Protein chains: 2
Amino acid sequence: MDATRLPLRQFDQPPGMIDLGWGHPGPDLIPTDGLRRAAARTLHRYGPDALGYGYAAGPGPLVAWVCDRLGVVDRRSPVPDDVVITAGNSHGLEQLASLLTAPGDAVLVESPTYHLAVRILQDHPVELVPVPSDTEGLCVDSLPAIVERLRREGRIVRLLYTQPTFHNPTGISLAADRRRSLVDFAQAAGILIIEDDPYRELAYDSAAPPSLWSLASAGAVARLGTFSKTLAPGLRTGFITSDPTLTRRLCATGVLASGGGISHFTSLVVAEFAASGDYVSHVATLLTAYAQRRAELLSALARHVESRATWAQPAGGYFVWLSLAPPRDAAATLPRARAAGVGYMPGGAFNVPPHGVNGSLRLAFSRYAPQQLDEAVQRLAGAIDGPGSADRPRG
Amino acid sequence: MDATRLPLRQFDQPPGMIDLGWGHPGPDLIPTDGLRRAAARTLHRYGPDALGYGYAAGPGPLVAWVCDRLGVVDRRSPVPDDVVITAGNSHGLEQLASLLTAPGDAVLVESPTYHLAVRILQDHPVELVPVPSDTEGLCVDSLPAIVERLRREGRIVRLLYTQPTFHNPTGISLAADRRRSLVDFAQAAGILIIEDDPYRELAYDSAAPPSLWSLASAGAVARLGTFSKTLAPGLRTGFITSDPTLTRRLCATGVLASGGGISHFTSLVVAEFAASGDYVSHVATLLTAYAQRRAELLSALARHVESRATWAQPAGGYFVWLSLAPPRDAAATLPRARAAGVGYMPGGAFNVPPHGVNGSLRLAFSRYAPQQLDEAVQRLAGAIDGPGSADRPRG
């Protein structure tokens, strides 16, 4: 069988295309050499213990390091019993949805939200109920009425899924007062918050806000963290921080009871990389590089797109959220953009439920060098102005 | 945080104990050096592509090699579209159960069976219905009446879970005529067979029988294969072979659509190890070593246990299934055995549903060197004859 004709990657860039549609780390910013050394050290240090069945909650070295690291980049350190290692946030969300939902449950989801998280939740027989958001993030004030209505209808409201820090797709972080009121409301209402927190380390202007998990009592929040955005998504390694009751339930699921830790070897590689100091210096490299890419994307937008759209500077993460001036439509513009050699994610994909008509779009600045970002925005500007656009001179 | 006080492994052997209760590969038989070299070569060859988001069905090099390898160790090669890479058989079973079951479905499970597969299935709101087995494996003749009864009761019979080759715990392989009739029956009844096939490569006397997957039409069988028993469970890498309709549905689940291939980096390490020829030579080493361990366990049983139990020689896999002569009870004997420094899995754990009272027990010969196996069986014989046993002289 000739493997060269089979795909290797999730995303293969067509020649000439600059696709800002994918929230992937820059390939040039994946620490391949450092991870090669970490893998070798892992196998020297642990021998077959690195390759046997691992502890269900994840190997001690990574659990301990996660506890320590969150003491630096969050308001509060977990204890080891609060932590379960996952195969990344997608897998962690799937685990939580499998364990915690029953058919017919209502699951609250901020809208817009990460579209593939919606796909994961939709793999379960639950009803997704959108919660609106604005420029300060999730509209926490709207929650009581939504939950009251659902409960009047006899629905069980089990979970709330949110990305409060450097949101995908909008880049917004939930305002401080809303964090506190969201946690208070969810605790009082008996709703578990699933806090998707992949971008915490990528804070370009000041420290990331405290996680909802760090603000809440035990049992109120399960936070999903990952090494996909800071290290390498192909390692499929992340973590949940919650509370000992929930982590014990996760470890008692058949998959972890049978197969042991879901990312045993790669977890030890991450822990070895971190223990050497490479993680901290690599995150410093990322902060410089991604802040530069963010700056270049924003200045290119100012140069080339100008008044035909509005956007805000995200304080962290991978994304700029662009709102096209009416009557432009992001989905309708996409074929022209692709023909011009630039890709993006139309904003309608992030609505709950998704719908195509939307003036917004998501640009990921993570994957490309600054000069490519400028070129991409020039192409995008041309597509916005292309046939059928409002600014096109008409005959 | 001091990581040394946190667990690393699924199973930590207490000092002095020889625990035949765990179906783990021998730590001395995990190819640590070869995998270290394969990891280094993987990162040299693919660079950041080995660490980015991977193709949802798994990376081409491993998919292609699985297709080729099954042409050698099974009756039929899959095509790439038949294959999805998993994070091991536990994860593969969880994926299939999540995707294919609805609340209230009946799932047929051979009894006895792998107890942790039952745990995985029980994480879903289905009813497990036992199907009896005998010395030739699953009693296929009993299936029509069981299915007819369930359907009369209005139940949907969705799946049948079985381990037809070198069965865990019994070591039995399903007889050839039963393989054919099982596949025919399931196809006619519209029941998907989940064939758990972890031990195919570990055939000590002659080639493993053809898989059910290889005998069936497309859509009738999903077979779970893994590198946990032949290479290293900590890599969490295995595969499903089924048909393009099912593999497409698996790849469209949110977890794979979002995170990409679930074991991307470790899959490439396995493929690299295999491409070098190391896999084939390693399996040859395993066959010699495990056949020797099997022989030693069996001869030790003949020397020390004799007429107080019966057993059959397994033709492959990790396990010998011991039936104690009545009225001995395997669960009641276990505390004495552990006190004597030997562990095993009492057979009742493998019943569907599990129940403690049983004269059988499972011994794994995979994890220990021959001299330890002899010592373990001596301890076991002492425990069988200990206080309260039928053979103990009474005063």
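Through which surface do the copies, chain B and chain A, meet? In this structure, 100% of the interface residues of chain B are also interface residues in chain A, so the copies meet through the same surface; contact here means heavy atoms within 4.5 Å. The model is a predicted one, in which local features need pLDDT of at least 70 and side-chain atom pairs count only at pLDDT 80 or more, while totals for chains, interfaces and linings use all residues. Residues are numbered from 1 along each chain as its sequence is written, chains are lettered from A and ligands numbered from 1 in the order in which they are written, and side-chain values use heavy atoms, with hydrogens and water left out.

The relation between the two chains comes next. Chain B is superposed on chain A by a rotation of 180° with 0.0 Å of shift along the axis, giving an RMSD of 0.0 Å. That is the relation of a two-fold axis. The superposition is done by least squares on the C-alpha atoms of residues with pLDDT of at least 70 in both copies.

At the interface, 72 residues of chain B touch 72 residues of chain A. About 5,900 Å² is buried between chain B and chain A, and carbon and sulfur atoms give 66% of this area. Within chain B, the residues that lose the most area to chain A are Leu8(B), Leu51(B) and Tyr53(B), which together account for 14% of what that side buries. Buried area is the accessible area (1.4 Å probe) that two parts lose on being put together, summed over both. The rule also finds 2 salt bridges across the interface of chain B and chain A, a salt bridge being a side-chain nitrogen of Lys or Arg within 4 Å of a carboxyl oxygen of Asp or Glu. One salt bridge links Asp49(B) with Arg9(A), and their closest N and O atoms are 3.1 Å apart.

The sheets can now be followed strand by strand. Helices (H or I, at least four residues) and strands (E, at least two) are DSSP runs, numbered from the N terminus, and two strands pair if DSSP finds at least two bridges between them. In chain B, 8 strands make an open sheet of mixed pairing, in the order S2-S9-S8-S7-S6-S3-S4-S5. Its edge strands are S2 (83-86) and S5 (137-138) of chain B, each of which pairs on one side only. Inside this sheet, S3 (residues 106-111) and S4 (residues 127-134) of chain B run parallel and are joined by 6 bridges, with Leu108(B) opposite Val129(B). Helix H3 (residues 89-100) of chain B packs on the sheet, where H3 touches S2, S6, S7, S8 and S9 of chain B and makes about 155° with the direction of S8(B). Helix H6 (residues 176-189) of chain B packs on the sheet too, touching S4, S5, S6 and S7 of chain B at about 145° to the direction of S7(B). For these angles, axes are lines fitted to C-alpha atoms, for helices over the stretch in contact, and angles run from 0 to 180 degrees between N-to-C directions.

In chain A, strands S3 (residues 106-111) and S4 (residues 127-134) run parallel over 6 bridges, and Val109(A) stands opposite Pro130(A). From S3(A) the chain passes through helix H4 (residues 115-122) to S4(A) in a right-handed β-α-β crossover; right-handed means that, with the strands pointing away from the viewer, the path from the first strand over the helix to the second runs clockwise. A hairpin of 2 residues then joins S4(A) to S5(A), and these strands pair in the antiparallel sense over 2 bridges.

Another open sheet of chain A has 4 strands in the order S10-S11-S14-S13, with antiparallel pairing. Strands S10 (309-311) and S13 (345-346) of chain A stand at the edges with a single partner strand each, so one side of each is left without a neighbour in the sheet. Helix H11 (residues 278-304) of chain A packs on this sheet, touching S10, S11 and S14 of chain A, and its direction makes about 15° with that of S11(A).

Some backbone details complete the picture. Most residues other than glycine have a negative phi, and most peptide bonds are trans. Ser111(A) and Pro112(A), however, are joined by a cis peptide bond with omega about 0°, and Pro112(A) lies in the loop between S3 and H4 of chain A. Glu306(A), which is not a glycine, has a positive phi of about 50° and is found in the loop between H11 and S10 of chain A.
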